[in-house]
Amino acid sequence: MGGGRTVAAAEFAELLRELKDRSGLSYGTLAKRLHMSTSTLHRYCNGDAVPTDYAPVERLARLCKASPEELVELHRRWVLADAGRGKKASGPAAEEGSGPAAEEDPTAVGDPAVVTDVTPDGVPAPPVGGRRRRAVLAGIAVLAVVGAVVLGVQLSGGGGERGDGAASSVQGKGAGGATPSGSATASASPSVTPSASASPSASGTPSPSPSAAGQERPGAAVEDSSGTPPLTVGIRPHAWESPCDQRYLIDREPGRVSPPPVEQDAPAWVAAHGAVPSGKQFLELTVQGTGEETVVVDGLKVRMVQKRSPLAWNDYAMGYPGVGCGAGVPTRYFTVALDAARPAVVPEAGHADFPFKVSESDPEVYYINADASAYDVSWTLELSWSSGTRHGTLLLDDEGRPFRTSGNNGRPAYEFPLGGSAWQRAGSSPAP
């Protein structure tokens with residue numbers, strides 16, 4: 001949370017208050033739906049604090065029925081407020097947010113995520129407008145992209161770096177043993193090649209993922225020594241936190257899209273339509289030891305493979321309009337803001353953070369809520385573990401491909417009425 005108020009934090013809070021007041025919902029009602037305390041929501045809307053993660057901000061905006069333009073503006077203001085965390089505003093310009101002081105607003109410098117567009121080949125678009133701070137941001141963004149390319153080359157080469165600086169080798173075999181759900185163990189891919197795995201096919205539609213069979217896949221091993229890791233990770237890349245907020249982008253007109261599936265059929269439906277999670281992706285990771293010894297799960301990191309402009313596809317909602325949805329917050333619940341310059345796995349408020357302990361008889365289930373608003377993002381996870389004198393890393397992805405999540409701001413949205421026979425534009429269904 002930020003210390004003093006900044007111009008950017010005040011502007012961010014102002015828009016939050018506008019959305020909240022327009023919704024007609026009380027702070028208590030909104031806080032309950034967002035799984036946060038009422039006092040925390042008050043602080044966000046009053047400008048006394050800036051959320052460290054964008055996920056609850058977007059959920060709040062969607063609850064308040066923000067327009068696509070408002071979602072884009074809210075994200076821009078959050079990025080600026082987050083960049084100026086701890087910097088106090090002063091002087092007349094700080095109060096009005098204009099004039100020469102605002103032109104050189106210190107909160108605007110230093111966060112490449114402010115660059116709101118990326119060309120299809122991953123290069124940041126030229127800065128908009130004539131302000132010097134945007135030129136500085138564009139330069140920083142280029143450095144961030146170069147760093148991502150270097151990381152991609154390292155990943156494609158099959159190597160990794162341990163925390164002590166020693167090189168790790170990628171084992172060319174799976175994690176061993178059955179996955180926690182009892183499905184067959186798939187062979188683990190030894191490396192990730194960003195250019196091939198992150199790009200759509202020539203038609204613009206991603207190649208169907210092998211996960212369409214619905215099986216969980218243990219993570220690929222990246223160990224500091226030979227042998228099978230003492231744990232396995234079952235991955236469900238298309239778990240749903242709630243059908244009401246699960247959406248997919250598809251490069252098809254409504255007449256060529258099947259009705260929404262139930263959650264267990266989602267992998268096959270996604271593969272058949274070349275769909276990409278829209279706005280957010282909800283992962284379920286089941287981590288279990290393969291023996292009696294205790295394994296410590298030390299942490300979970302996000303690895304960015306590629307960032308592009310959001311997909312210009314149609315947006316399809318899985319929930320039926322007028323049908324209520326409810327979902328409790330899982331015990332191990334984490335969020336990832338994929339739009340951030342350095343996305344990180346952050347525990348939801350009130351939830352425990354790593355490390356955790358697992359064994360064959362005592363597994364753990366982690367839920368990852370990864371959101372994207374301004375970009376189409378390809379990404380993976382790395383789970384680090386230790387057991388006695390052994391330690392290593394598991395590469396977690398979608399059957400050898402990176403996970404892929406795209407922003408949906410401004411995209412045509414469709415919903416399927418309960419008992420209906422075709423997709424309709426969102427909001428056109430009569431109220432129940």
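**Close-up views of a predicted model**

**View 1. The R404–D376 salt bridge.** Residues are numbered from 1 along each chain as its sequence is written, and side-chain values use heavy atoms, with hydrogens and water left out. The closest N and O atoms of R404 and D376 are 2.7 Å apart, and the two form a salt bridge (a side-chain nitrogen of Lys or Arg within 4 Å of a carboxyl oxygen of Asp or Glu). R404 sits in strand β16 (residues 403-406) and D376 in strand β14 (residues 376-387), so the pair ties together parts that are 28 residues apart in sequence. Helices (H or I, at least four residues) and strands (E, at least two) are DSSP runs, numbered from the N terminus.

**View 2. D315 meets R247 in a salt bridge.** Their side chains come together at 2.8 Å, N to O. This pair links distant parts of the chain, 68 residues apart: D315 belongs to strand β9 (residues 314-317) and R247 to strand β5 (residues 247-250). Both D315 and R247 are buried.

**View 3. A salt-bridge network of E73, R76 and R77.** Look for the side chains of R76 and E73, which meet in a salt bridge at 2.7 Å, N to O. R76 and E73 both lie in helix α5 (residues 68-83), three residues apart, or about one turn of the helix. An α-helix has 3.6 residues a turn, so residues three or four places apart point the same way. R76 is partly exposed, with a relative accessible area of 25%, and E73 is also partly exposed, at 24%. By the salt-bridge rule given for View 1, the count comes to 14.

**View 4. The buried residues of helix α2.** In α2 (residues 27-34), the buried residues are Y27, L30, A31 and L34. Viewed down the axis of α2, they fall within an arc of 100°, so they line one face of the helix (the arc is that of the directions from the helix axis to the C-beta atoms). These buried residues of α2 pack against α1 (7-23), α3 (38-46) and α4 (55-63), where contact means heavy atoms within 4.5 Å. After α2 comes H35, whose phi is positive, near 60°.

Note on methods: This is a predicted model: local features need pLDDT of at least 70, side-chain atom pairs count only at pLDDT 80 or more; totals for chains, interfaces and linings use all residues. Buried means under 20% relative accessible area, exposed over 50%, partly exposed in between (1.4 Å probe, protein chains only).
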